[in-house]
Amino acid sequence: EQSFYNTIEYIQADNYVRAKEECQKALDIAEDLSDKEIQEDAGNYMKLIESVLAGDDALTNGEYTDAQRNFLNARNRTRYADNLGLDYIDDRLEQTSQYMSVYELISLGDTLAQGHQYDKAEDQYLAAKALAAQLYFDVGRDDALAALDQMYTDQSAQQAQEDEEVQEAAQAQTTAASILAEGDIAI
């Protein structure tokens, strides 16, 4: 029972690594004593703890969809664990959602840039950068800046190509006009 209560205290302190250790101890002792009630309760807590830890790992590794899925799973499991850790899980879900929003803005900017709508793409990249900076999400901010730099490079390349095409067209018109002028003189 002491290990089980320690598990609860660690969950309340948002220390899920230690909570898992204590919960495993409680499960092992409950199995040795054949205490079905503690086994069931500790089992429910262990599932909650594992979901939260999996979500934290996925969030750390930049796997935001997996993190969101794990935190939603953990949120559902809190029903069986006296709603412990709900604030922590909701905070992580919010953080994950905001990180995903940064990448959605970058993706939208990429789509607009591919369609040569550079002004609108720039707005999306700048919005992603601002949101990431507001969240202190350095990786997202860096990705938004990289996308913005790439867009500027692509825009410059496209502008250079258009300028070259205009130059060639002007040269062709000049050549045609001089041929016509030579033809007029020959008449």
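In this predicted model, 6 aromatic pairs are present. A pair of aromatic rings is described by the distance of the centres and the angle of the planes. For Tyr99 and Phe137, the ring centres lie 3.7 Å apart and the planes meet at 5°, so this pair is classed as stacked, given that planes under 30 degrees apart count as stacked. The two partners come from distant parts of the chain, since Tyr99 belongs to helix 5 (residues 86-114), whereas Phe137 sits in the loop between helix 6 (118-134) and helix 7, 38 residues apart. Both Tyr99 and Phe137 are buried, and for Phe137 the relative accessible area is 5%.

Phe137 also pairs with Tyr103, and here the ring centres are 6.0 Å apart with the planes at 80°, so the arrangement is edge-to-face, as planes over 60 degrees apart are described in this way. Because Tyr103 lies in helix 5 and Phe137 in the loop between helix 6 and helix 7, this pair ties together parts of the chain that are 34 residues apart in sequence. Tyr103 is partly exposed, with a relative accessible area of 25%. Together with Tyr64, the residues Tyr99, Tyr103 and Phe137 form one aromatic cluster.

A patch of negative charge is found on the surface, where Glu162, Asp163, Glu164, Glu165 and Glu168 gather. Of these residues, Asp163 is located in helix 7, which spans residues 138-186. The relative accessibility of Asp163 is 45%, and this residue therefore counts as partly exposed, a class that lies between the limits of 20% for buried and 50% for exposed residues.

Technical notes
Residues numbered from 1 in each chain as written. Predicted model: local features only at pLDDT ≥ 70, side-chain atom pairs only at ≥ 80, totals over all residues. Heavy atoms only, no water. Patch = residues over 30% accessible without salt bridge, like charges linked within 9 Å, V, L, I, M, F, W, Y side chains within 5 Å. Areas by Shrake-Rupley, 256 points an atom, 1.4 Å probe, with all protein chains shown as cover. Salt bridge = Lys/Arg side-chain N within 4 Å of Asp/Glu carboxyl O. Lys, Arg positive; Asp, Glu negative; His and termini not counted. Charge placed at Lys NZ, Arg CZ, Asp CG, Glu CD. Helix = DSSP H or I, 4+ residues; strand = E, 2+ residues; numbered from the N terminus. Buried < 20%, exposed > 50% of the residue type's maximum accessible area, 1.4 Å probe, protein only. Phe/Tyr/Trp six-rings, centres within 6.5 Å; stacked < 30°, edge-to-face > 60°.
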